[in-house]
Amino acid sequence: MDQGQEHRVETPLGVLHVMVHGAGNVRRPAILTFHDVGMDSKSCFSTLFKFEEMQEIVKNFTVVHVDAPGQEDGAAIYPAGYQYATMDQISDMLPAVLQYFNFRTVIGVGVGAGAYILSKFTLSNPEAVEGLVLINVDTNARGWMDWAAQKLSNLTSSLTDQILSHLFSQEELSANTELIQTHRARLSKAPNLINIELFWKSYQGRRDLDIERNNTFKCPVMLVVGDQAPYEEAAVECNSKLDPTTTSFLKVWTSPVSLASSCMTRLSRSRTTSLSSSYSMEGSRSRSRTLSQGSQGGQLPPSPSHTMEVSC
């Protein structure tokens, strides 16, 4: 994968750091990624897009990595009392990114907080999104029990431990693998830890997206969830509210961090041929046919409401 081009995109609500890789063909949808809390686009997605299975996608599609405000490497530290953007406001910055690069449509890939942001963006801009891959998404606001648990966690756990508990399952944390140790060291030494905490608090204060059958995504969606119970419950609930003919549900026995770096390659195998050939042969093909082709040819997304479990 190329080294990418770095951009700082001015939006009505602030500046976003964006890295762009790939073809630059505006006739095809760009693949737009958004990372989770405690990560930036590089730590969340760089491993994924270096896999051999992803190279066909990278060669044929522009890949756009968006960093939440202040989360990129080298970001300026926000001063005390800084009013950080809400999840809704970050979502509302994304149309300016599409306009800046002259992208008509995108395929969104989001993890955790990034999945929530892309969900909100898609609900507000359905014509701009041709497909979604949402990893460990929770489209609900926190309930009172969650709020109380977070308050207790604030008193008893460091910010690093709180975020690691969000990113990894308890089993993975207990095993204290090299991956856990790497992310613990990265977070604890992060020079922009204040910014990370602001993003974390913004995600904790998210509102309910009120997804229902009559207020849902207009594009094909793949819901992917690891083995963390709260996220599985949230994803199952979200899945029950979506159109079963255009929604896939994939259960993976790993955390979203491990998942983003391994299991998404399995998804790419079934998408590469569909995405690269469809647009090269018929640029005018409709979004529904382009991204629902798998329902006819054994590719994704399956129908109706297909559920799959994968061990990575």
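Start with Ala30. In this predicted model, Ala30 stands opposite Val106, a residue of strand S5. Ala30 belongs to strand S3, residues 30-34, and S3 and S5 pair in the parallel sense over 5 bridges.

Stay with S5 for a moment. S5 covers residues 106-111.

Now, are the residues of S5 buried or exposed? The count is 6 of 6 buried.

Arg104 sits in the loop between helix H3 and S5. Its relative accessible area is 54%, so Arg104 is exposed. It still has neighbours: leaving out residues up to four places away in sequence, Arg104 touches Leu98, Ala128 and Glu130. There is also Arg28, which is 76 residues from Arg104 along the chain, yet the two C-alpha atoms are separated by 8.2 Å.

S1 is residues 5-11 and S2 is residues 14-22, and the two pair in the antiparallel sense over 7 bridges. How many residues lie between S1 and S2 in their hairpin? There are 2. If you want a pair to click on, Glu10 has Val15 in S2 as its bridge partner.

S2 also pairs with S4. These two run antiparallel, joined by 6 bridges. Here the pair to find is His21 and its bridge partner in S4, Val63.

S4 itself is residues 62-67, and it holds His65. His65 has a relative accessible area of 5%, so it counts as buried. What does the side chain of His65 make a polar contact with? The partner is the side chain of Thr33, at 2.6 Å.

On to the nonpolar core. The largest one has 79 residues, and those that touch the most other members are Val18, Phe34, Val66, Leu94, Val97 and Phe199. Which element gives this core its largest share? Helix H3, residues 87-101, does, with 7 residues.

Take Leu94 from that list. Setting aside residues up to four places away in sequence, Leu94 touches Leu16, Phe34, Val66, Ile117, Leu118 and Phe121. Two of those names, Phe34 and Val66, were also on the list of core residues that touch the most other members.

Most residues other than glycine have a negative phi. Asn136 has a positive one, near 50°. Asn176 also has a positive phi, near 50°. Where are they? Asn136 is in the loop between S6 and helix H5, residues 144-156. Asn176 is in the loop between helix H7, 170-175, and helix H8, 178-188.

Are these two residues buried or exposed? Asn136 is buried, because its relative accessible area is 2%. Asn176 counts as partly exposed, because its relative accessibility is 35%.

Last, the whole chain. It has 14 helices and 9 strands. Of its 312 residues, 55% are buried. The accessible surface comes to about 13900 Å², and 51% of that belongs to carbon and sulfur atoms. As for contacts with a separation of 6 or more, 77% are between residues 24 or more positions apart.

Technical notes:
Residues are numbered from 1 along each chain as its sequence is written. This is a predicted model: local features need pLDDT of at least 70, side-chain atom pairs count only at pLDDT 80 or more; totals for chains, interfaces and linings use all residues. Side-chain values use heavy atoms; hydrogens and water are left out. Helices (H or I, at least four residues) and strands (E, at least two) are DSSP runs, numbered from the N terminus. Buried means under 20% relative accessible area, exposed over 50%, partly exposed in between (1.4 Å probe, protein chains only). Contact means heavy atoms within 4.5 Å. Accessible areas come from the Shrake-Rupley method with a 1.4 Å probe; for residues, only the protein chains shown count as cover. Two strands pair if DSSP finds at least two bridges between them. A nonpolar core is a set of buried Ala, Val, Leu, Ile, Met, Phe, Trp, Tyr and Cys residues joined through side-chain atoms within 4.5 Å. A polar contact is a pair of N or O atoms within 3.5 Å; within protein, one must be able to donate a hydrogen and the other to accept it, and residues adjacent in sequence count only if both atoms are side-chain atoms.
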